[in-house]
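Colleague: I have just opened this model and would like to know what lies behind the words used for it. Could you take me through them?

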Amino acid sequence: MVLDLNVSIRDRSNIPIIDLEGEIDVYTYPKLSDSLKLIFEKYPDTKDLIINLGNVRYIDSTGLGVIANGANQIARLSSGVISIINATPQIRKIFDVSGLMSTNFALYDNEDTAMSRIQPQG
Amino acid sequence: MTQSIQITLTIPSLSDYVGVARLTASGIASRMKFTHEDIEDIKIAVSEACTNAVQYAYGDSLGDITLVFTILESALEVRVKDQGKGFESSVPIDSQAALNDPDKIGLGLGIVFMRSLMDHVEYISTPESGTNVLLVKNLTSRTDIN
(Lines give C-alpha, C1' and ligand atoms only; values in the text may rest on other atoms or scores of the structure.)
Protein backbone atom coordinates (compact mmCIF):
# COMPACT_ATOMS: atom_id res chain seq x y z
CA MET A 1 0.00 0.00 0.00
CA VAL A 2 1.36 3.40 -1.06
CA LEU A 3 1.26 5.98 1.73
CA ASP A 4 3.09 8.55 -0.34
CA LEU A 5 2.07 10.61 -3.36
CA ASN A 6 3.86 10.60 -6.70
CA VAL A 7 3.20 13.55 -8.99
CA SER A 8 4.08 13.94 -12.66
CA ILE A 9 3.14 16.71 -15.07
CA ARG A 10 2.69 16.45 -18.84
CA ASP A 11 0.64 18.21 -21.47
CA ARG A 12 -1.61 17.11 -24.27
CA SER A 13 -2.50 19.62 -26.98
CA ASN A 14 -1.06 22.29 -24.69
CA ILE A 15 -3.42 21.39 -21.86
CA PRO A 16 -1.54 20.62 -18.63
CA ILE A 17 -2.27 17.26 -17.02
CA ILE A 18 -1.23 16.23 -13.52
CA ASP A 19 -0.95 12.46 -13.01
CA LEU A 20 -1.18 11.47 -9.35
CA GLU A 21 -0.41 8.13 -7.74
CA GLY A 22 -0.85 7.21 -4.08
CA GLU A 23 -2.69 8.92 -1.24
CA ILE A 24 -3.50 12.61 -0.78
CA ASP A 25 -3.66 13.58 2.87
CA VAL A 26 -2.22 16.11 5.31
CA TYR A 27 1.25 14.61 4.81
CA THR A 28 1.32 14.47 1.01
CA TYR A 29 -0.88 17.39 -0.10
CA PRO A 30 2.05 19.89 -0.35
CA LYS A 31 3.27 17.92 -3.39
CA LEU A 32 -0.04 18.56 -5.15
CA SER A 33 -0.04 22.17 -4.01
CA ASP A 34 3.48 22.67 -5.39
CA SER A 35 2.59 21.08 -8.73
CA LEU A 36 -0.43 23.38 -9.12
CA LYS A 37 1.75 26.37 -8.36
CA LEU A 38 4.23 25.19 -10.99
CA ILE A 39 1.50 24.78 -13.60
CA PHE A 40 0.02 28.22 -12.98
CA GLU A 41 3.50 29.67 -13.47
CA LYS A 42 4.18 27.68 -16.64
CA TYR A 43 0.69 28.00 -18.15
CA PRO A 44 -0.61 31.33 -16.77
CA ASP A 45 -3.28 31.68 -19.47
CA THR A 46 -4.56 28.12 -19.56
CA LYS A 47 -8.31 27.77 -19.34
CA ASP A 48 -8.14 24.08 -18.58
CA LEU A 49 -6.21 21.83 -16.28
CA ILE A 50 -6.71 18.08 -15.95
CA ILE A 51 -6.00 16.18 -12.74
CA ASN A 52 -5.80 12.42 -13.21
CA LEU A 53 -6.84 10.57 -10.05
CA GLY A 54 -6.79 7.13 -11.68
CA ASN A 55 -4.05 5.85 -9.39
CA VAL A 56 -5.14 7.72 -6.27
CA ARG A 57 -6.51 5.36 -3.64
CA TYR A 58 -7.31 7.95 -0.98
CA ILE A 59 -8.12 11.65 -0.77
CA ASP A 60 -9.43 13.67 2.15
CA SER A 61 -10.30 17.27 2.96
CA THR A 62 -6.74 18.49 2.62
CA GLY A 63 -6.52 17.18 -0.96
CA LEU A 64 -9.94 18.51 -1.84
CA GLY A 65 -9.03 21.84 -0.28
CA VAL A 66 -5.97 22.11 -2.52
CA ILE A 67 -8.00 21.23 -5.63
CA ALA A 68 -10.76 23.68 -4.65
CA ASN A 69 -8.20 26.43 -4.13
CA GLY A 70 -6.62 25.53 -7.49
CA ALA A 71 -10.05 25.76 -9.11
CA ASN A 72 -10.58 29.19 -7.57
CA GLN A 73 -7.16 30.25 -8.83
CA ILE A 74 -7.69 29.11 -12.44
CA ALA A 75 -11.11 30.78 -12.43
CA ARG A 76 -9.53 34.02 -11.26
CA LEU A 77 -6.57 33.85 -13.68
CA SER A 78 -8.36 32.84 -16.86
CA SER A 79 -12.00 31.98 -16.08
CA GLY A 80 -10.81 28.40 -16.48
CA VAL A 81 -11.86 25.11 -14.90
CA ILE A 82 -10.20 22.02 -13.48
CA SER A 83 -11.26 18.66 -14.89
CA ILE A 84 -10.94 15.59 -12.66
CA ILE A 85 -10.58 12.29 -14.50
CA ASN A 86 -10.56 8.58 -13.61
CA ALA A 87 -11.82 9.09 -10.06
CA THR A 88 -12.83 5.86 -8.31
CA PRO A 89 -16.41 5.57 -7.02
CA GLN A 90 -15.18 6.25 -3.46
CA ILE A 91 -13.39 9.42 -4.53
CA ARG A 92 -16.43 10.56 -6.54
CA LYS A 93 -18.45 10.08 -3.37
CA ILE A 94 -16.05 12.35 -1.47
CA PHE A 95 -16.45 15.06 -4.11
CA ASP A 96 -20.24 14.70 -3.85
CA VAL A 97 -20.24 14.85 -0.06
CA SER A 98 -17.99 17.91 -0.07
CA GLY A 99 -20.66 20.00 -1.78
CA LEU A 100 -17.94 21.60 -3.90
CA MET A 101 -19.09 20.29 -7.28
CA SER A 102 -20.94 23.48 -8.10
CA THR A 103 -17.68 25.42 -8.18
CA ASN A 104 -15.05 25.45 -10.86
CA PHE A 105 -14.38 21.81 -11.53
CA ALA A 106 -15.92 18.95 -13.46
CA LEU A 107 -15.59 15.16 -13.24
CA TYR A 108 -15.06 13.02 -16.34
CA ASP A 109 -14.72 9.26 -16.69
CA ASN A 110 -11.41 9.40 -18.56
CA GLU A 111 -8.89 11.61 -20.32
CA ASP A 112 -10.35 11.24 -23.82
CA THR A 113 -13.81 12.24 -22.61
CA ALA A 114 -12.38 15.27 -20.83
CA MET A 115 -10.33 16.28 -23.87
CA SER A 116 -13.35 15.99 -26.15
CA ARG A 117 -15.24 18.40 -23.90
CA ILE A 118 -12.40 20.86 -23.61
CA GLN A 119 -12.02 23.54 -26.23
CA PRO A 120 -8.62 22.89 -27.93
CA GLN A 121 -6.11 25.60 -27.25
CA GLY A 122 -3.38 27.25 -29.31
CA MET B 1 -23.57 -9.92 27.44
CA THR B 2 -20.76 -9.55 24.92
CA GLN B 3 -17.64 -7.84 26.17
CA SER B 4 -16.32 -5.01 24.05
CA ILE B 5 -12.70 -4.93 22.94
CA GLN B 6 -10.62 -1.78 23.05
CA ILE B 7 -7.50 -0.98 21.07
CA THR B 8 -5.54 2.17 21.86
CA LEU B 9 -3.09 3.91 19.55
CA THR B 10 -1.12 7.04 20.37
CA ILE B 11 0.55 8.97 17.58
CA PRO B 12 2.56 12.20 17.67
CA SER B 13 0.87 15.30 16.26
CA LEU B 14 2.85 15.05 13.03
CA SER B 15 1.30 14.75 9.58
CA ASP B 16 3.60 11.78 8.86
CA TYR B 17 1.61 9.56 11.23
CA VAL B 18 -1.98 10.29 10.14
CA GLY B 19 -1.59 7.50 7.57
CA VAL B 20 -0.66 5.10 10.37
CA ALA B 21 -3.89 5.94 12.21
CA ARG B 22 -5.79 5.45 8.96
CA LEU B 23 -4.22 2.04 8.34
CA THR B 24 -5.01 0.96 11.90
CA ALA B 25 -8.65 2.01 11.47
CA SER B 26 -8.78 0.14 8.19
CA GLY B 27 -7.33 -3.02 9.75
CA ILE B 28 -9.78 -3.01 12.66
CA ALA B 29 -12.80 -2.27 10.44
CA SER B 30 -11.70 -5.02 8.07
CA ARG B 31 -11.38 -7.47 10.97
CA MET B 32 -14.97 -6.55 11.97
CA LYS B 33 -16.03 -7.33 8.40
CA PHE B 34 -17.34 -3.92 7.51
CA THR B 35 -18.01 -3.55 3.79
CA HIS B 36 -15.33 -2.00 1.59
CA GLU B 37 -17.35 1.23 1.29
CA ASP B 38 -17.82 1.47 5.07
CA ILE B 39 -14.10 0.84 5.64
CA GLU B 40 -13.28 3.73 3.31
CA ASP B 41 -15.75 5.96 5.17
CA ILE B 42 -14.16 5.05 8.53
CA LYS B 43 -10.64 5.67 7.18
CA ILE B 44 -11.59 9.16 6.02
CA ALA B 45 -13.42 10.10 9.22
CA VAL B 46 -10.55 8.91 11.45
CA SER B 47 -8.03 10.61 9.22
CA GLU B 48 -9.98 13.88 9.33
CA ALA B 49 -10.15 13.85 13.12
CA CYS B 50 -6.39 13.24 13.30
CA THR B 51 -5.67 15.86 10.66
CA ASN B 52 -7.58 18.49 12.63
CA ALA B 53 -5.55 17.60 15.71
CA VAL B 54 -2.26 17.74 13.77
CA GLN B 55 -3.10 21.11 12.22
CA TYR B 56 -4.80 22.92 15.08
CA ALA B 57 -4.25 21.29 18.47
CA TYR B 58 -0.69 22.10 19.45
CA GLY B 59 0.44 24.97 17.24
CA ASP B 60 4.17 24.62 16.65
CA SER B 61 4.60 22.27 19.61
CA LEU B 62 4.50 18.50 19.54
CA GLY B 63 1.80 16.63 21.42
CA ASP B 64 -0.01 13.30 21.52
CA ILE B 65 -3.11 12.23 19.67
CA THR B 66 -4.77 9.22 21.27
CA LEU B 67 -7.18 7.00 19.38
CA VAL B 68 -9.32 4.52 21.28
CA PHE B 69 -11.09 1.98 19.06
CA THR B 70 -13.95 0.19 20.80
CA ILE B 71 -15.19 -2.89 18.98
CA LEU B 72 -18.83 -3.49 19.81
CA GLU B 73 -21.15 -6.25 18.63
CA SER B 74 -22.84 -3.98 16.11
CA ALA B 75 -20.67 -0.89 15.82
CA LEU B 76 -17.18 0.53 15.86
CA GLU B 77 -16.59 3.52 18.12
CA VAL B 78 -13.48 5.61 17.69
CA ARG B 79 -12.45 8.33 20.11
CA VAL B 80 -9.79 10.75 18.91
CA LYS B 81 -8.42 12.92 21.70
CA ASP B 82 -5.81 15.61 22.08
CA GLN B 83 -4.83 17.87 24.94
CA GLY B 84 -4.20 20.86 22.71
CA LYS B 85 -5.57 24.36 22.59
CA GLY B 86 -9.02 23.46 21.23
CA PHE B 87 -10.85 25.97 19.13
CA GLU B 88 -13.83 28.24 19.39
CA SER B 89 -17.17 27.27 17.96
CA SER B 90 -16.90 29.73 15.07
CA VAL B 91 -15.28 27.08 12.88
CA PRO B 92 -17.27 26.73 9.66
CA ILE B 93 -19.14 23.44 9.51
CA ASP B 94 -20.27 23.39 5.91
CA SER B 95 -18.19 23.43 2.76
CA GLN B 96 -19.48 26.72 1.38
CA ALA B 97 -18.74 28.48 4.67
CA ALA B 98 -15.34 26.83 4.63
CA LEU B 99 -14.67 28.09 1.10
CA ASN B 100 -15.30 31.62 2.31
CA ASP B 101 -12.60 31.16 4.91
CA PRO B 102 -9.64 29.58 3.06
CA ASP B 103 -7.56 29.21 6.23
CA LYS B 104 -10.17 26.85 7.63
CA ILE B 105 -11.28 25.01 4.50
CA GLY B 106 -9.60 21.79 5.58
CA LEU B 107 -11.09 21.91 9.04
CA GLY B 108 -14.54 22.84 7.74
CA LEU B 109 -14.55 20.07 5.14
CA GLY B 110 -13.11 17.61 7.64
CA ILE B 111 -16.07 18.11 9.94
CA VAL B 112 -18.46 17.86 6.97
CA PHE B 113 -16.89 14.51 6.03
CA MET B 114 -17.00 13.12 9.55
CA ARG B 115 -20.68 14.00 9.91
CA SER B 116 -21.59 12.74 6.44
CA LEU B 117 -19.69 9.44 6.49
CA MET B 118 -20.29 8.24 10.06
CA ASP B 119 -23.56 7.32 11.78
CA HIS B 120 -22.90 9.40 14.88
CA VAL B 121 -20.36 12.12 15.61
CA GLU B 122 -19.72 14.11 18.76
CA TYR B 123 -17.22 16.94 18.55
CA ILE B 124 -16.31 18.57 21.82
CA SER B 125 -13.62 21.21 21.69
CA THR B 126 -12.91 23.58 24.52
CA PRO B 127 -10.33 26.36 24.26
CA GLU B 128 -7.18 25.34 26.20
CA SER B 129 -8.63 21.92 27.11
CA GLY B 130 -8.26 20.05 23.86
CA THR B 131 -10.61 18.29 21.52
CA ASN B 132 -12.44 15.00 21.91
CA VAL B 133 -14.10 13.49 18.88
CA LEU B 134 -16.37 10.44 18.99
CA LEU B 135 -16.98 8.66 15.70
CA VAL B 136 -19.45 5.78 15.46
CA LYS B 137 -20.08 3.52 12.47
CA ASN B 138 -22.84 0.94 12.75
CA LEU B 139 -22.18 -2.54 11.43
CA THR B 140 -25.32 -2.81 9.35
CA SER B 141 -23.99 -5.20 6.75
CA ARG B 142 -20.96 -7.45 6.83
CA THR B 143 -18.77 -8.72 4.07
CA ASP B 144 -18.00 -12.42 4.18
CA ILE B 145 -15.01 -12.26 1.86
CA ASN B 146 -12.51 -12.70 4.72
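This is a predicted model: local features need pLDDT of at least 70, side-chain atom pairs count only at pLDDT 80 or more; totals for chains, interfaces and linings use all residues.

Colleague: What makes the radius of gyration of chain A agree with a compact globule?

Modeller: The rule, taken over C-alpha atoms, is 2.2 Å times the number of residues to the power 0.38. For 122 residues a compact globule would have a radius near 14 Å, and chain A has 13 Å, so the two agree.

Colleague: Which strands of the open sheet in chain A are called edge strands?

Modeller: The sheet has 5 strands in the order 1-2-3-4-5, with mixed pairing. Strands (E, at least two residues) are DSSP runs, as are helices (H or I, at least four), numbered from the N terminus. Strand 1 (5–12) and strand 5 (105–108) of chain A each pair on one side only, and these are the edges.

Colleague: How do you know that strand 2 and strand 3 of chain A pair?

Modeller: Pairing needs at least two bridges found by DSSP. Strand 2 (residues 15–24) and strand 3 (residues 48–59) of chain A have 7 bridges, in the parallel sense. Glu23(A), for one, has Tyr58(A) as its bridge partner in strand 3.

Colleague: What makes a nonpolar core, and how many residues are in the largest?

Modeller: Such a core joins buried Ala, Val, Leu, Ile, Met, Phe, Trp, Tyr and Cys residues through C-beta atoms within 7 Å; buried means 20 or more other C-beta atoms within 10 Å, with C-beta atoms placed from the backbone. The largest has 69 residues, and Ile51(A) and Val46(B) are among those touching the most other members. Helix 2 (residues 36–56) of chain B gives the largest share, 10 residues.

Methods:
Residues are numbered from 1 along each chain as its sequence is written. Chains are lettered from A and ligands numbered from 1 in the order in which they are written. A residue is buried if 20 or more other C-beta atoms lie within 10 Å of its own, exposed if 12 or fewer, and partly exposed in between; C-beta atoms are placed from the backbone.
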